[in-house]
Structure formats: C-alpha cells, structure tokens
Amino acid sequence: GTLCVCELKPVAGVAANVLSYHLKVLREAGLVTSAKRGRWVDYTLATDAGDRLTDALPARLGGRP
C-alpha cells in the first residue's frame, strides 16, 4: 500500500530523517514512487520493484542468470 514516513517510522525503527533519506535513494533507484499530499509525502513500492531487485542480484544470490 501507500504509506507516509510517519507511518513507516515505527516499523523501520530509525529516525524520520534517516528514513526519509533512504526513501529518497529508493525513489531515485525507481524502487518506490512518491506523491506529495500537503506537507506529507506518500511512498508506494514500485510495481516492478521485485523484478528490478532480482535482476540486480548475482545468480548465486537468487538473481536471474
């Protein structure tokens, strides 16, 4: 689903600024999408995130040959 940093923070167990930074990196990598909602930003896992991660892994770690 779609969650904001305030909803992800308790699950992640890190400070909001650290979580925001990592979400920014994931967004730049195309693994999550984001949408502004007022002063909040909602994040959603990209539909092809699983495939992109599998393709990035070496075959010995579960990636595609």
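Mentor: Let us begin with the terms for elements: helices (H or I, at least four residues) and strands (E, at least two) are DSSP runs, numbered from the N terminus. Pro 10, for example, has its place in helix H1, which covers residues 5-12. Please keep in mind that this is a predicted model, in which local features need pLDDT of at least 70 and side-chain atom pairs count only at pLDDT 80 or more, while totals for chains, interfaces and linings use all residues. Residues are numbered from 1 along each chain as its sequence is written, and side-chain values use heavy atoms, with hydrogens and water left out.

Trainee: How many helices and strands does the chain have, and in what order do the elements run?

Mentor: The chain has three helices and three strands, and from the N terminus on they follow the order β-α-α-β-β-α.

Trainee: What does the radius of gyration of the chain tell me when it is set beside that of a compact globule?

Mentor: The radius of gyration is taken over C-alpha atoms, and the globule rule is 2.2 Å times the number of residues to the power 0.38. For a compact globule of 65 residues the rule gives a value near 11 Å, whereas this chain has 14 Å. Along its principal axes, the C-alpha trace spans about 45 × 20 × 20 Å.

Trainee: Is Pro 10 buried or exposed?

Mentor: Buried means under 20% relative accessible area, exposed means over 50%, and partly exposed lies in between (1.4 Å probe, protein chains only). Pro 10 is exposed, because its relative accessible area is 64%. Thr 47, which is found in the loop between strand S3 (40-45) and helix H3 (49-56), also counts as exposed, at 87% relative accessibility. Of the 65 residues of the chain, 17% count as buried.

Trainee: Which residues does Val 5 contact, leaving aside its neighbours within four places in sequence?

Mentor: Contact means heavy atoms within 4.5 Å. With those neighbours left aside, Val 5 is in contact with Ala 16, Leu 19, Ser 20, Leu 23, Val 41 and Tyr 43. Val 5 has its place in helix H1, and it is buried because its relative accessible area is 13%. The C-alpha atoms of Val 5 and Asn 17, twelve residues apart along the chain, are separated by 9.1 Å.

Trainee: Where is Leu 3 found, and what does Leu 3 touch, not counting residues up to four places away in sequence?

Mentor: Leu 3 is found in strand S1, residues 2-4, and, with those residues not counted, it touches Leu 8, Val 41, Asp 42 and Tyr 43. Leu 3 is partly exposed, with a relative accessible area of 34%. Leu 3 and Thr 33 are 30 residues apart in sequence, yet 11 Å apart in space, C-alpha to C-alpha.

Trainee: Which residues form a disulfide, and how far apart are their sulfur atoms?

Mentor: In general, a disulfide is a covalent bond between the sulfur atoms of two cysteines. The rule used here is a pair of cysteine sulfur atoms within 2.5 Å, and by this rule the count comes to one disulfide. Cys 4 and Cys 6 form it, with their sulfur atoms 2.4 Å apart. The torsion about their S-S bond is about -45°, so the disulfide is left-handed. Cys 4 is buried, with a relative accessible area of 2%, whereas Cys 6 is partly exposed, at 41%.
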